[in-house]
Amino acid sequence: MHIHTQQPLNGALFGAKAMMRLENCEAPMCHAISDSAAAEASPGGAAADEGVFVPPLNFAMVDYGVFRSGFPDAANFAFLQTLGLRSIICLCPEPYPEENVEFLNANRIQLFQFGIEGSKEPFVNIPADMIKEALKIVLDEKNHPLLIHCKRGKHRTGCLVGCLRKVQRWCLTSIFDEYQRYAAEKARVSDLRFIELFDISGFDQPTQFFSCSKN
């Protein structure tokens, strides 16, 4: 199995019930992991104590069929199985851990990986083109239920969710409040500025609710 990732490009980089639809969906800048090579091994995700479900760091529901969190590990697999995920968007550039890949294969979950560096201010370069491509994947209901994650579920995930909120026509005050709820004392002015200036002109306002269940 090969995971193909896209490195950052130059340039700047749900709560409430909201509605979504994507009109202009082009090929993503990253390659999804094919589920054709589903593992024959037993499905991953058994909790250390049967019946105990541990969500990943900073886990939350964004909207119907869309979730956010920090980087999941083996202790979170049993919980993730309860979500019936179809897709995961990883916003980290590092190779996806082998045990996570095995879990995805065993549960027929696609991985979309966008290599956004976790830089610290003032050296923050948020790739707007990459965020747009990730946003297209989020807006495509064929990928739901879907989990968005970075390392701690704060900055990179917060930027993507913030841009999603702009497409949903949230006001900036509500968008910033949500971002700061997860970033807490680590909130970055550069992230908020990126969200404020993010161009959503290529996205139509959503017209239908997400669905949490697989067909």
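Ala-183 is buried, with a relative accessible area of 0%; buried means under 20% relative accessible area, exposed over 50%, and partly exposed in between, with a 1.4 Å probe and protein chains only. The model is predicted, so local features need pLDDT of at least 70 and side-chain atom pairs count only at pLDDT 80 or more, while totals for chains, interfaces and linings use all residues. Residues are numbered from 1 along each chain as its sequence is written, and side-chain values use heavy atoms, with hydrogens and water left out.

Ala-183 has its place in helix 5. Helices (H or I, at least four residues) and strands (E, at least two) are DSSP runs, numbered from the N terminus. Helix 5 covers residues 172–183, and its 12 residues reach 16 Å from the first C-alpha to the last. Besides Ala-183, the buried residues of helix 5 include Ile-175, Phe-176, Glu-178, Tyr-179 and Tyr-182. Seen down the helix axis, the buried residues of helix 5 fall within an arc of 160°, so they line one face; the arc is that of the directions from the helix axis to the C-beta atoms. On the other side of helix 5, Thr-173 and Arg-181 are exposed. The buried residues pack against strand 1 (60–63), strand 2 (66–69), helix 4 (155–167) and helix 6 (189–197), where contact means heavy atoms within 4.5 Å.

Helix 4 and helix 5 are also linked by charge. Arg-165 forms a salt bridge with Glu-178, the closest N and O atoms being 2.7 Å apart; a salt bridge is a side-chain nitrogen of Lys or Arg within 4 Å of a carboxyl oxygen of Asp or Glu. This pair joins distant parts of the chain, with Arg-165 in helix 4 and Glu-178 in helix 5, 13 residues apart. Arg-165 is buried at a relative accessible area of 0%, and Glu-178 counts as buried at 6%.

Lys-154, in the loop between strand 5 (146–149) and helix 4, presents another case. Lys-154 is buried yet has no salt bridge, and the nearest side chain of opposite charge, Glu-185, is 5.0 Å away. Leaving aside neighbours within four places in sequence, the contacts of Lys-154 include Tyr-179, Tyr-182 and Ala-183.

A further salt bridge joins Arg-193 and Glu-196, with the closest N and O atoms 3.5 Å apart. Arg-193 and Glu-196 are 3 residues apart in helix 6, and are therefore separated by about one helical turn.

How values were computed:
Expected span 1.5 Å × (residues − 1). Lys, Arg positive; Asp, Glu negative; His and termini not counted.
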